[in-house]
Amino acid sequence: MAESFESGGFVNGDSHATKPLNIAIIGGGIGGLSFLLGLLQNANLSVIKPHLYEAAAEFSEIGAGVGFGPNSIQAMGVVSPNLRKRFEEIASDSDEVIDESGKKRAVWNYMLMGMNGRSERCPLKAGDPICKVLFDTFKKNVHRARFLDEIINQLPGGTGDGFVSFKKRCTDIVKLNDGKGVGIQFADGTYVEADAVVGCDGIKSRIRPILMKMIGDEKSINPQFSGKYAYRGLIPMDEAVDALGDTIRHSNMYFGYNGHFVCFPVDKGKTLNVVAFRTKDDGKWESADWVLPATVDEALEDYKEWSEPIKKMVKSLRKPDKWMLFEHPPAESYCDEDGKICLLGDCAHAR
Ligand SMILES: Cc1cc2nc3c(=O)[nH]c(=O)nc-3n(C[C@H](O)[C@H](O)[C@H](O)COP(=O)(O)OP(=O)(O)OC[C@H]3O[C@@H](n4cnc5c(N)ncnc54)[C@H](O)[C@@H]3O)c2cc1C
């Protein structure tokens with residue numbers, strides 16, 4: 001049946017019956033909420049009517065930082081100019097330098113040694129600079145929970161009332177027999193129908209395996225362990241400066257054997273976001289739990305061969321969580337053949 005958009009209405013075949021296209025969004029992380037906001041602020045709601053279903057009782061984000069490159073900042077401005085404005089107000093910028101040709105460049109990262117080199121090929125010592133990563137455009141960092149709050153504040157009524165349902169964990173999706181849409185089943189026994197569904201339910205997605213089975217790409221169902229884990233945490237900037245000096249106020253990466261540290265300021269420089277990566281010796285992770293509570297002693301054991309300033313920073317993590325890092329293999333498609341189910345965000349392409 002031919003379907004086309006016309007101003008103010010969705011025209012279905014030759015019936016000219018105007019009805020909105022109902023889009024179900026499954027999952028309200030940064031991905032699902034950005035998509036909802038984009039539709040609410042840009043689409044004609046008599047043409048496209050979104051509704052977001054979130055498994056948890058409220059929206060929430062982890063206490064950590066997130067860095068945005070220029071593409072995502074530009075996309076954010078298209079989704080919502082107001083959100084981009086608020087983002088620019090709360091984000092911490094990368095440094096600016098003048099390069100050898102006299103051009104202004106943004107420093108995305110200062111790369112430094114976090115421990116002594118161990119061979120003639122790497123004679124550098126802990127703390128020595130390796131290089132600077134320069135770009136023409138800025139990278140900006142924010143506290144994740146604060147950014148999520150800014151998205152939520154942009155929703156109608158400041159909460160998304162009428163467009164969001166909580167405690168709705170999707171358990172199954174079926175295509176309707178008449179080919180016109182999908183049926184969505186939730187863990188609480190409720191069921192809704194929609195014209196299409198967009199899975200935004202993160203790396204442990206329920207929608208991804210449903211879609212992969214439908215398109216016959218079963219090898220792409222399960223996320224794979226990357227062989228790395230990371231301790232994540234936020235440190236008051238004063239403590240970080242005490243450990244590593246003023247250089248830590250900038251975006252830095254520290255390198256060593258079997259690990260690296262990504263450190264960047266958030267909260268306009270008041271807080272340091274630290275992600276301490278480590279290669280897992282056996283390269284395997286079989287448990288269903290991917291985030292484990294960890295102790296500082298455990299983290300210090302992992303970084304015992306690193307420099308004293310790095311160890312001092314690790315001590316400041318206090319209660320570091322330990323994250324097993326998983327990734328999805330590229331799938332053959334992220335959408336079923338008649339465009340009723342698709343994926344967005346980590347459930348599509350976490351890497
Ligand atoms: C160590 C680390 C550092 C990172 N740093 C960066 C960075 O600097 N820059 C960057 O761009 N990215 C970074 N990322 C990646 C980034 O965090 C993710 O890509 C992004 O947060 C994914 O958002 P999402 O909305 O797709 O998924 P999620 O944030 O996982 O949200 C999924 C939502 O779906 C809900 N849900 C789950 N299952 C169901 C269900 N069955 N039914 C209904 N709801 C459901 C969940 O409750 C959740 O609210 C980092 C990731 C890690 C692990």
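Analyst: Helix α2 (residues 70-79) packs against helix α3 (residues 81-90) at an angle of about 135°, with the axes 5 Å apart. That makes α2 oblique to α3, oblique being what is left once angles under 35 degrees (roughly parallel), over 145 (roughly antiparallel) and 65 to 115 (roughly perpendicular) are taken out. Axes are lines fitted to C-alpha atoms, for helices over the stretch in contact, and angles run from 0 to 180 degrees between N-to-C directions.

User: Which residues of α2 and α3 meet there?

Analyst: From α2 they are Ile73, Met76, Gly77 and Val79, and from α3 Pro81, Leu83, Arg84 and Phe87. Contact here is C-beta atoms, placed from the backbone, within 7 Å. The contact residues split into six nonpolar, one polar and one charged. Ala, Val, Leu, Ile, Met, Phe, Trp, Tyr, Cys and Pro count as nonpolar, Asp, Glu, Lys and Arg as charged, and the others, Gly among them, as polar.

User: Before I go on, what kind of model is it, and how are residues numbered?

Analyst: It's a predicted model, where local features need pLDDT of at least 70, side-chain atom pairs count only at pLDDT 80 or more, and totals for chains, interfaces and linings use all residues. Numbering starts from 1 along each chain as its sequence is written.

User: OK, strands. Which way does β7 run against β8?

Analyst: Antiparallel: four bridges join β7 (residues 95-98) to β8 (residues 104-113). Glutamate 96 sits opposite alanine 106 in β8. The two form a hairpin with five residues between them, and glycine 102 in the turn has a positive phi of about 85°. Strands pair if DSSP finds at least two bridges between them; helices (H or I, at least four residues) and strands (E, at least two) are DSSP runs, numbered from the N terminus.

User: What else does β8 pair with?

Analyst: With β9 (residues 129-135) β8 pairs in the antiparallel sense over six bridges, and asparagine 109 has valine 133 as its partner in β9. With β17 (residues 252-256) the pairing is parallel, over four bridges; there tyrosine 110 stands opposite asparagine 252.

User: Switching to the ligand: which residues come nearest?

Analyst: Gly27, Gly29, Gly31, Gly202 and Gly345, out of 27 residues around the ligand. Near means a C-beta atom, placed from the backbone, within 6 Å.

User: And which element gives the largest share of that shell?

Analyst: α1, with three residues. By class, the shell has twelve nonpolar, eight polar and seven charged residues.

Note on methods: Two residues are in contact if their C-beta atoms, placed from the backbone, lie within 7 Å.
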